[in-house]
Amino acid sequence: MLAPERFGICAAGTKSGKTMGCVIWAVLKAWGKRKRVGWFAPSYSQAKIGYNLLKEMVPAHLRRANDAELVVYLPVGSEFHFKTAEKPALIYGAAYDLFVIDEASRIREAAWHAIRSTITQTKAPGKIIANAKGKANWFFRSWRLANEGRPGWSCHRISTVANPYVDPLEVAEARRDLPERKFLELYEAEFFADAQSIFGDISCRIDKDIMGMPKRGRAYVIGADLGKHGDPSVCIVCDIESGQMVSMAIFPLGLPWDQARKRIARIATTYNDAFILVDSTGVGDPVLDEMKDMSVRVEGYKFTNETKDNLISALMKDVETGQISWGDWPTLSEEMQDFQATRLPGGAWRYAAPEGAHDDTVIALGLANWARRDRKTKGSLLYV
Ligand SMILES: Nc1ncnc2c1ncn2[C@@H]1O[C@H](COP(=O)(O)OP(=O)(O)OP(=O)(O)O)[C@@H](O)[C@H]1O
Ligand SMILES: [Mg+2]
């Protein structure tokens with residue numbers, strides 16, 4: 001807390017004494033001087049926590065306080081202004097000689113920009129403190145910059161047990177009650193990535209010349225992801241030998257199953273009697289059964305957490321090593337770029353598009369790739 005750098009970025013466990021520590025730091029800095037202190041919290045009620053702590057700490061005869069405005073006046077002329085950062089636009093305009101941002105990981109980046117403007121002329125020092133809360137926020141970015149040694153920035157991590165006023169047995173019990181990742185985040189101030197894009201920059205995998213009609217003598221596979229709740233069905237055709245995706249069809253939303261089946265079968269016939277691997281999870285199961293009665297070669301792939309992991313891991317590896325490539329198809333490229341792995345509390349990964357986005361083309365490519373691998377290595381198609 002007393003680090004001399006202008007900005008102190010502190011990730012700390014819950015009840016580690018963050019708020020109290022910052023009140024003490026600011027009082028030490030402002031005592032007997034004429035300093036304007038800006039204290040920012042995510043909400044009015046959280047700003048009031050700091051305000052009340054300061055009032056409790058300084059004997060009543062040594063300070064004046066304005067409960068309506070959340071301002072505390074200390075001897076000689078220092079003023080502490082406790083503010084909510086809910087509306088960043090209202091932060092602009094003031095100027096402070098010291099600042100504290102409490103619960104910074106719960107404050108929007110726009111508020112940090114506004115606060116930064118209030119300390120520019122004064123070159124005020126300050127403390128930015130918070131619980132760790134994922135990596136996709138300005139607090140983590142600032143903490144990392146400080147950690148990398150940015151001049152004038154100091155970086156700290158404090159765990160809850162560092163506070164002698166917290167019972168270590170209580171912390172041990174919380175460890176038993178909470179998922180490990182949650183515990184490490186809340187009590188040890190460890191940062192975890194919320195989700196990460198897994199295919200990285202895929203632009204180099206796009207091969208503009210490969211979309212095309214079936215060639216005589218080539219063997220193909222088809223990956224078919226069936227649309228379920230408002231998603232379209234998607235069919236992707238791949239050349240087994242070269243790993244090139246040669247065609248993609250996105251069916252209209254709400255296309256009846258019997259028509260979807262016929263279209264998939266027609267594509268298979270067109271591409272030299274291509275082998276079809278179809279998503280047979282849930283409603284896909286009867287569709288698979290009915291396709292088996294048609295004159296096509298088809299197998300099913302049932303999704304569970306484990307089989308999805310297998311399918312996506314194989315796709316990741318083959319994209320990385322150039323075993324599979326695809327045409328300049330914006331929908332697929334976008335979905336590949338968006339596709340994310342999210343760490344679950346138990347440590348497993350969950351693969352999916354971010355909320356509101358689709359991943360049907362990624363799954364169809366994954367299925368085509370799975371079928372292609374199998375045809376290539378074993379000469380037959382395993383199904384799960
Ligand atoms: N220096 C100190 N002297 C006395 N008590 C302290 C001190 N630091 C912390 N405490 C005690 O620990 C409690 C937690 O401190 P504080 O509220 O500052 O933690 P915090 O990390 O801000 O917690 P939260 O995660 O809830 O925001 C305080 O209510 C106080 O009782
Ligand atoms: Mg606090």
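Which polar backbone atom lies 3.1 Å from an oxygen atom of ligand 1? Select Gly17 together with ligand 1, and the pair is there: a polar backbone atom of Gly17 lies 3.1 Å from an oxygen atom of the ligand. Before going further, note that this is a predicted model, in which local features need pLDDT of at least 70 and side-chain atom pairs count only at pLDDT 80 or more, while totals for chains, interfaces and linings use all residues. Residues are numbered from 1 along each chain as its sequence is written, chains are lettered from A and ligands numbered from 1 in the order in which they are written, and side-chain values use heavy atoms, with hydrogens and water left out.

**The ligand site**

Stay with ligand 1 and select Met20, where a polar backbone atom is 2.7 Å from an oxygen atom of the ligand. To see the shell, meaning residues with a heavy atom within 4 Å of the ligand, select Gly13, Thr14, Lys15, Ser16, Gly17, Lys18, Thr19, Met20, Ile24, Glu103, Asn163 and Tyr165. By class, this shell has 3 nonpolar, 6 polar and 3 charged residues, with Gly counted among the polar ones.

**The largest nonpolar core**

Next, select Phe199, Ile236, Met245, Leu315, Met336 and Leu365, the residues with the most contacts inside the largest nonpolar core, which has 33 residues. Such a core is a set of buried Ala, Val, Leu, Ile, Met, Phe, Trp, Tyr and Cys residues joined through side-chain atoms within 4.5 Å, where buried means under 20% relative accessible area, exposed over 50%, and partly exposed in between (1.4 Å probe, protein chains only). Helix α11 gives the largest share of this core, 8 residues. Centre the view on Ile236, which, leaving aside neighbours within four places in sequence, is in contact (heavy atoms within 4.5 Å) with residues including Val221, Met245, Met248, Ala364 and Leu365. Apart from this core lies another, of 28 residues, among them Ala11, Tyr96, Trp112 and Ala114.

**His156**

Now select His156 in strand β8, residues 153-158 (helices, H or I of at least four residues, and strands, E of at least two, are DSSP runs numbered from the N terminus). His156 counts as partly exposed because its relative accessibility is 25%. Its side chain is joined to that of Ser154 by a polar contact of 2.8 Å, and Gly8, 148 residues apart from His156 in sequence, is 7.6 Å apart in space, C-alpha to C-alpha. Beyond neighbours within four places in sequence, His156 is in contact with Ala3, Ile9, Cys10, Ala11 and Trp143.

**Two positive phi values**

Move to Val76, in the loop between β4 (71-73) and β5 (79-84); although not a glycine, Val76 has a positive phi of about 80 degrees. Val76 is exposed, with a relative accessible area of 55%. Ala189, in the loop between α6 (180-188) and β9 (196-197), also has a positive phi, near 55 degrees, but Ala189 counts as buried, at 0% relative accessibility.

Finish on Glu185 in helix α6, which counts as buried at 10% relative accessibility. Leaving aside neighbours within four places in sequence, Glu185 is in contact with Ala132, Lys133, Gly134, Glu190 and Phe192.

Methods:
A polar contact is a pair of N or O atoms within 3.5 Å; within protein, one must be able to donate a hydrogen and the other to accept it, and residues adjacent in sequence count only if both atoms are side-chain atoms.
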